[in-house]
Amino acid sequence: MLLLMAIAIFVQRFCFAAKKNTSYQVFPVANGWGYRILLDNTVFVQQEQIPAVQGFAFFQTKQDAANTAKLVIQKMKKYELPMVTVTELDSMGVKY
């Protein structure tokens with residue numbers, strides 16, 4: 001029951017978030033690049049490592065981080081979960 005409530009809250013928050021003004025920022029981290037997804041200029045997601053990849057892998061280029069952030073925003077606007085898979089990273093040519 002508690003799990004269902006948590007899922008419902010997440011879905012409601014996520015669907016509301018997808019309707020807001022979304023943008024992204026790319027920023028340097030110690031070993032590469034990361035990105036932030038912003039909703040109305042408030043940080044919604046901050047990703048300092050490559051998602052879906054085991055271990056501590058960092059985006060090697062600013063463009064890889066930007067492309068991944070754009071993919072996440074596209075998913076949000078389609079009301080999909082903002083998750084990235086290894087297959088999607090590979091199809092964008094992201095090195096890890």
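How exposed is Asp40, buried or partly exposed? Asp40 is partly exposed, with a relative accessible area of 39%. Here buried means under 20% relative accessible area, exposed means over 50%, and partly exposed lies in between (1.4 Å probe, protein chains only).

This is a predicted model, where local features need pLDDT of at least 70, side-chain atom pairs count only at pLDDT 80 or more, and totals for chains, interfaces and linings use all residues. Residues are numbered from 1 along each chain as its sequence is written, and side-chain values use heavy atoms, with hydrogens and water left out.

**Two loop residues**

Asp40 and Tyr79 each have a positive phi without being glycine. Asp40 sits in the loop between β2 and β3 (42–47). Tyr79 sits in the loop between α2 and α3 (86–91). Helices (H or I, at least four residues) and strands (E, at least two) are DSSP runs, numbered from the N terminus.

| Residue | Phi | Relative accessible area |
|---|---|---|
| Asp40 | near 50° | 39%, partly exposed |
| Tyr79 | near 65° | 44%, partly exposed |

**The core**

A nonpolar core is a set of buried Ala, Val, Leu, Ile, Met, Phe, Trp, Tyr and Cys residues joined through side-chain atoms within 4.5 Å. The largest one has 17 residues. Tyr35, Ile37, Ile50, Phe59, Val72, Met76 and Leu89 touch the most other members. Two elements give this core two or more residues: β2 (32–39) and α2 (62–77). The largest share, 6 residues, comes from α2.

Now take Phe59. Contact means heavy atoms within 4.5 Å. Beyond its neighbours within four places in sequence, Phe59 is in contact with residues including Trp33, Tyr35, Ile50, Pro51, Thr68 and Val94.
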